[in-house]
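Have a look at the sequence and the structure below, and turn the model around a few times. Then let us walk through it together.

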Amino acid sequence: MIKIKILPLILLTSIGFITGSCYYGDGSIATYQNIPHKEVIISGNFTEANDWTIFQNMNIPYDYKVEVYRNDTNTYYTTSWQEIPLTYYLSNGRELDYKFSINDHGISIYIDGNVNPNTLSYVEANTYLNNQTFRIVVIPPAYAAH
């Protein structure tokens, strides 16, 4: 009988730890699994005018680790994040890649692959190019190996 009462307590405690570790960042310092990091959430559109790139101005020291995630459901309130680089395989052998690069001024998230973004259908453009949300996580070198 005691085992039955302990199981709900363990489940509730586990849920509390999981939800307490979630963070939607504004660039302030957060802690996840006892690892301090800087986290920023950005949104934008990939267009020909911006060279199919979304840029975030950030000062990232060269020895820090950077991870970038794409929100797979295109809503700010979800927790479904996919790490990039990421490839989507479209019809007719077309591939659309999300990649990122870092320089002295910040981070660029861009579209690559064998598909011309101008030729995407309306539905594909709304799925892969418009209103995209990304999560940028910057981890100090002392914690990057974890």
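The paragraphs below take up confidence, then a sheet, then the nonpolar cores.

Before anything else, keep in mind that this is a predicted model. The chain has a mean pLDDT of 79, and 71% of its residues reach 70 or more. Residues 6-28 are another matter, with a pLDDT below 50. In the model this stretch has 22 contacts beyond near neighbours in sequence. How should you treat such a region? Where pLDDT is low, the predicted coordinates should not be read in detail.

Now turn to the sheet. Strands of a sheet pair through backbone hydrogen bonds, and the pairing can be parallel or antiparallel. Here, four strands make an open sheet, and if you go across it you meet them in the order E3-E8-E7-E6, with antiparallel pairing. Which strands lie at the edges? They are E3, residues 53-57, and E6, residues 86-89, and each of them pairs on one side only. From one strand to the next, the twist averages 15°.

Strand E7 covers residues 95-102 and strand E8 covers residues 106-113; they run antiparallel and are joined by seven bridges. Three residues lie between these two strands, and together the strands form a hairpin. To find your way along the pair, look for Lys99, which stands opposite Tyr110 in E8, and for Ser101, which stands opposite Ser108 in E8.

On to E6 and E7, which pair in the antiparallel sense over four bridges. This pair is a hairpin as well, with five residues between the strands. In its turn, Asn92 has a positive phi of about 60°.

Finally, look inside. In soluble globular proteins, nonpolar side chains tend to be buried together. The largest nonpolar core in this model has 26 residues, and those that touch the most other members are Phe46, Val68, Leu96, Tyr98, Ile109, Phe134 and Ile136. Which elements give two or more residues to this core? They are strands E2 (35-44), E4 (65-71), E6, E7, E8 and E9 (132-139), along with helix H2 (122-128). Another core, of five residues, lies apart from it, and its members include Ile41, Tyr69, Trp81 and Ile139.

Note on methods. Residues are numbered from 1 along each chain as its sequence is written. This is a predicted model: local features need pLDDT of at least 70, side-chain atom pairs count only at pLDDT 80 or more; totals for chains, interfaces and linings use all residues. Side-chain values use heavy atoms; hydrogens and water are left out. Two strands pair if DSSP finds at least two bridges between them. Axes are lines fitted to C-alpha atoms, for helices over the stretch in contact, and angles run from 0 to 180 degrees between N-to-C directions. A nonpolar core is a set of buried Ala, Val, Leu, Ile, Met, Phe, Trp, Tyr and Cys residues joined through side-chain atoms within 4.5 Å. Buried means under 20% relative accessible area, exposed over 50%, partly exposed in between (1.4 Å probe, protein chains only). pLDDT is the predictor's confidence in each residue, from 0 to 100. Contact means heavy atoms within 4.5 Å.
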